[in-house]
Structures are given as C-alpha cells and as structure tokens.
Amino acid sequence: MVTVADLQYGQKGIIKDFTEHILPIKLLELGCLPGNSVELLQIAPLNDPIYINLSGSHLAIRRSLAKLIELEIIEETQAK
C-alpha cells in the first residue's frame with residue numbers, strides 16, 4: 001500500500017481510497033477524493049508537514065494525515 005506520505009519529490013499518484021474514513025471535511029471539499037491526482041511539491045525541514053498539489057490546489061498537510069490517503073503511483077513515460 002502506497003500513501004501520500006510515501007511520495008518522493010515530483011512524484012504523482014491517483015487517490016484510490018482512505019485507510020480510515022475520518023478525513024477533515026475541508027480536505028474533501030478541496031478535492032481529496034478517489035480519482036483525483038496528488039503531487040509532492042516540498043517537504044518541511046523537519047519532515048512535517050508536506051506540501052502537495054491536490055488537483056490544482058496547493059496544500060500543506062501533516063504526515064500523519066497523508067498516511068491515511070492511499071495512492072496508485074503514476075509512472076511518467078518520456079515522449080521521444
């Protein structure tokens with residue numbers, strides 16, 4: 001199982017599911033729903049929080065919350 005907390009810089013994924021069904025309503029309103037894309041932008045100096053692009057919205061979320069969001073990693077192919 002891969003979560004948002006497991007992403008590397010610049011890596012993207014598609015939200016599959018939540019390990020717990022208790023996510024803040026504000027996060028759901030901002031587009032944290034299955035099928036939407038997530039990209040890791042930055043990690044704070046002490047590894048918490050992380051800064052993500054969630055379907056066009058830039059958010060800082062705690063690593064503990066990021067561990068609840070399951071992803072399917074998007075493998076980017078180079079066009080030649």
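Helices of at least four residues and strands of at least two are DSSP runs, numbered from the N terminus. In this predicted model, Asn36 lies in the loop that links helix H1 (25-29) with strand S3 (37-43).

**The sheet**

Six strands form an open sheet in the order S1-S6-S2-S3-S4-S5, and their pairing is antiparallel. Strand S1 (2-3) and strand S5 (57-61) are its edge strands, each pairing on one side only. Strands of a sheet pair through backbone hydrogen bonds, either parallel or antiparallel.

| Strands | Sense | Bridges |
|---|---|---|
| S1 and S6 (residues 69-73) | antiparallel | two bridges |
| S2 (residues 12-18) and S6 | antiparallel | five bridges |
| S3 and S4 (residues 50-54) | antiparallel | five bridges |

Individual residues mark these pairings. Val2 stands opposite Leu71 in S6, and Phe18 has Ile69 in S6 opposite to it. Ile43 has Ile50 in S4 as its bridge partner.

**The surroundings of Asn36**

Asn36 counts as partly exposed because its relative accessibility is 23%, and partly exposed covers values between the 20% limit for buried and the 50% limit for exposed. Leaving aside residues up to four places away in sequence, Asn36 touches Gly13, Ile14, Ile15, Gly31 and Ser55. Asn36 and Ser55, one of these contacts, are separated by 19 residues in sequence, while their C-alpha atoms are 6.1 Å apart in space.

Definitions and conventions
Residues are numbered from 1 along each chain as its sequence is written. This is a predicted model: local features need pLDDT of at least 70, side-chain atom pairs count only at pLDDT 80 or more; totals for chains, interfaces and linings use all residues. Side-chain values use heavy atoms; hydrogens and water are left out. Buried means under 20% relative accessible area, exposed over 50%, partly exposed in between (1.4 Å probe, protein chains only). Contact means heavy atoms within 4.5 Å. Two strands pair if DSSP finds at least two bridges between them.
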